[in-house]
Amino acid sequence: MVTVNVDFKACKSSAMCCIEADDVFSMDDKGYLHVASDIDESRREAVELAAELCPNRAITVEP
Ligand code: SF4
């Protein structure tokens, strides 16, 4: 499993991560980000790319 941490104070709801890995990151209709709890190892690359693309550097992926 992949462990993902989001700094919700840094997150500005740009939704870039949702575009990159929509099975992991999703935005509710109030603009709050939700992160899946059980992230399969096969999604690591997509999650790492989402972390790189986050304009606020709010996502960290544990090695
Ligand atoms: S890309 Fe970053 S700032 Fe945008 S919603 Fe995702 S975690 Fe938040």
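Author: A residue is called buried if 20 or more other C-beta atoms lie within 10 Å of its own, exposed if 12 or fewer do, and partly exposed in between, with C-beta atoms placed from the backbone. A nonpolar core is a set of buried Ala, Val, Leu, Ile, Met, Phe, Trp, Tyr and Cys residues joined through C-beta atoms within 7 Å. This is a predicted model, in which local features need pLDDT of at least 70 and side-chain atom pairs count only at pLDDT 80 or more, while totals for chains, interfaces and linings use all residues. Residues are numbered from 1 along each chain as its sequence is written.

Reader: Which residues make up the largest nonpolar core?

Author: In soluble globular proteins, nonpolar side chains tend to be buried together. Here the largest nonpolar core has 10 residues, namely Val 4, Cys 17, Ala 21, Val 24, Phe 25, Ile 39, Val 47, Ala 50, Cys 54 and Ile 59. Of the 63 residues of the protein, 16% count as buried.

Reader: Why does Ile 59 count as buried, and what does Ile 59 touch?

Author: Ile 59 counts as buried because 26 C-beta neighbours lie inside 10 Å. Two residues are in contact if their C-beta atoms, placed from the backbone, lie within 7 Å. Leaving out residues up to four places away in sequence, Ile 59 touches Val 4, Val 6, Cys 17, Ala 50, Ala 51 and Cys 54. The C-alpha atoms of Ile 59 and Phe 8 are 9.0 Å apart, although 51 residues separate the two along the chain.
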